[in-house]
Amino acid sequence: MIRDGEHHFCCKGCQQVFHLLHDQGLTSFYEKLGDQTLHPPSDSASGEDLEHFDSEGFLRRYVRKRPDGLLEVSLILEGIHCAACVWLNEKVLHRLPGVVEATINYSTNKAKVVWDPHSIKLSRIVEAIRSIGYDAHAYDPSLQEERALQARRDYYARILVAVFATMNIMWIAIAQYVGLFTGMKPEYKQILNVAEFVLATPTLFYSGWIFFKGAYYGLKNRFVNMDLLIATGATIVYLYSIWAMVTNKGEVYFDSVTMIITFVLVGKYLEVLSKKQAVDTIDRLLGSYPTQVRVIDTQGQGRLVPVEQVEVGKIVELKPGEKVVIDGRIVEGAGSFDESSLTGEALPVYKEVGDEVVSGSICLDSLVRYRVERPFRESMMSQIARLLEESLNKRPKIEALANELSGFFSLIILTIALLTFGGWYYVTGSLEEALVVAVSVVVIACPCALGLATPMATLVGIGEAAKRGILFKEAAYLETMAKADTLVLDKTGTLTRGEPAVVAEERFAPFDPALIAAVVTRSNHPISRGIAAYLRVKNPPVPSHFVEIKAKGIEAVVNGHQIVAGSVAFLQERGISIEYRGEHTVFAVAIDGRLVALFELDDPLREGAGEAIVKIKELGLAVVMLTGDSPQVARRIASILGIEYRAGLLPQEKAAFIDDLHAKGHIVIMAGDGINDSLALARSDIAIAMGSGADIALSVSDVILLEERPMKLYEAIRLSQRVYRIIKENLALSLIYNTIALPLAILGYVNPLVAALAMSLSSLAVVGNSMRIKGGLK
Amino acid sequence: MSTNVLAVMIAISTFLGALGLAALLWGLRTGQFDDTAKFLDGARFDGEEELRDAVMMEQKRKEILEKSLEKRREDKRVMPD
């Protein structure tokens, strides 16, 4: 505790911050905090990398030049946890000379800063943020995520207008309908018509603009789509209604115009809402990796150097827990490396002088120095990132059935309407009558039912899936998934748990489990963790002596007992007689020189994996397992599950396997969870990731399973197949409706009320049928 | 009820509704609904000091813009046409 006048501080950092705020007259921050407590500012906020913010490359990448000569940057602030933090950061930034604007979004922790490059440098701004104990990173605001947000906001505005107009038109339309039955003076009707016209116009041209645009792009690429039918249909009805309004003949259909636009727009918006937020993949992947490494010069001094500037031949130092970003070969030290992000192998690999370290792995437990063998650009991680971006760009797309069908349908309806018009004009010779009948054809064939057929079913499907912990990032994936015929699975983390667990235990002499627990809880090795989880001893004693010998075992003294634990070879080395034959990893324990227990560990299958595979096969999919693990392990798992397998695959080879399946005309679902799977995930038609998987795997995948149970895979596939069937039923329903109603309309038997009623009924039928998705699944 | 009354009633009520809609759209466009937390904090942390701060920012912005304009003018003078 530090005393400073009437104030007390827990550390120097807090004291410094207080004085800084005091000098600026910002001490009301501490009152604004309320019940919040503060964490001491971290020491990492050193000035070492500040010049990075002024570098040419940084400016080009993240900083936007505004037309008025000011610069703008988007920053993510670290350490913001309450409203007072936002207030303080804004205030401090506002007081810097040259900062013109600083706004911080509390929910996303993103800040927008605008400054004058002549009066202040960005590094000075970041320094100010750091001086009060927060930290800032730059992010690229042109990320697709931002753009998606923009698109959503745009849709939302259009929908607001459409809903407003529709709600108002509805009550006017009710007056119109009543007037149709009870009789209404033409003057009143005229006023109502004009009011409807005023409301329908912005709906068609502002809210409906999306359909005009979609129809235009469709035509440009030479295909007729749903947008075209909606755009032309709405426009024709709109124009006819204007004509009816002006000449005061017949009925106006402005309500149909707004209804069509609003309903289909809402459907589209819901799709946009669930649309996958594609992110800048390279950034995502490399973002979690350090941008600097500690390079050791000839005098043995460490210096932080940006990864791009590290040359081949330099010596890089790794501390325990650090990630490897550049490939190389160890020259000093030895330690365990977690390569699970590359191979999927759960157990760490022991490496010593002369062994290769690969970027993407994590140094677990010791200080290691290695010689750089490949520049950052050519290192494993960068290569995977590049490949990933390429694969995402040329991902196979399966044309959606409903879109094809509705495009075709649109064309037919428009042709029929045109023919009807021609026919009636030819027969009756009256332009007016021909127009009325042609319009009623378009109204009754109003694509409501057809337009709702797919969105409605997929919406119910997505909602139902979400309830079961299956998140579809885009509605269309349900359809693609239903068409898939091959399921490719990753082993580690998907079929198995990805962490070793005790499968068998042999006791040779009675012993106190707490002694073993005391040893294993001190170690961070996955095997020790597996044993600790198995023993479940609370508050084990603390060893008085503890040595962990890398990749071999542990020696310790607990409560006066000498404990030797680890691999068979390690115990033999220590003069304890032990033998083991089997395929599992073994953790043997000797107390006071006597072997007391032997634990066999294995990466166990996830619960229900076998059942899920059998059921998925029943659905008619071929199942293949891919793994970076050794063939022996893979064979054992594959034979238990009764599936095909490929073992010892590198990430690129997994992706090549998927490509191969594509070449043979298969539609492939891939399920995986690690960085090593991300390439293959990106190449597949549908990528499923486990919720706890690597960030990168989540960002390239289309479906995320929140619960890590293989049964969820089965449920997802079954649900998608069911949704697909309902979609087909919906399309059939709306087509049947049209084949009955259309001839009547063509023959001129349909009056406006009947048309409106029939339209609503057909839409209701489709909605009702879609609800069956919920009931059909247990 | 005369037709005029009906026309005026519809016109006024639609207009009032449209005003509300316009306000909502304006708020949406200017990003006022992006951060719900800030919405509330704006009211909580309001005061004289905040007002001064806003005025200061406004002045600073004006000064900087003027300076950069001057600078550009100077640059032009130096550059031969």
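Okay, let's start with one pair: A:K91 and B:D53 join their side chains in a salt bridge, N to O at 3.5 Å. By salt bridge I mean a side-chain nitrogen of Lys or Arg within 4 Å of a carboxyl oxygen of Asp or Glu. The rule finds 3 salt bridges across the interface of chain A and chain B.

Quick housekeeping. This is a predicted model, so to speak: local features need pLDDT of at least 70, side-chain atom pairs count only at pLDDT 80 or more, and totals for chains, interfaces and linings use all residues. Residues are numbered from 1 along each chain as its sequence is written, chains are lettered from A and ligands numbered from 1 in the order written, and side-chain values use heavy atoms, with hydrogens and water left out.

Back to the interface. Chain A puts 46 residues into the contact and chain B puts in 36, where contact is heavy atoms within 4.5 Å. About 3,300 Å² is buried between the two chains, 62% of it from carbon and sulfur atoms; that's accessible area (1.4 Å probe) lost on putting the parts together, summed over both.

Now the cores, meaning buried Ala, Val, Leu, Ile, Met, Phe, Trp, Tyr and Cys joined through side-chain atoms within 4.5 Å, with buried being under 20% relative accessible area (1.4 Å probe, protein chains only). The largest has 58 residues, and A:F211, A:F254, A:L265 and A:I444 have the most contacts inside it. Beyond four places in sequence, A:F211 touches A:I230, A:V264 and A:L265, among others. A second, separate core of 47 residues includes A:L621 and A:I717.

Notes: Buried < 20%, exposed > 50% of the residue type's maximum accessible area, 1.4 Å probe, protein only.
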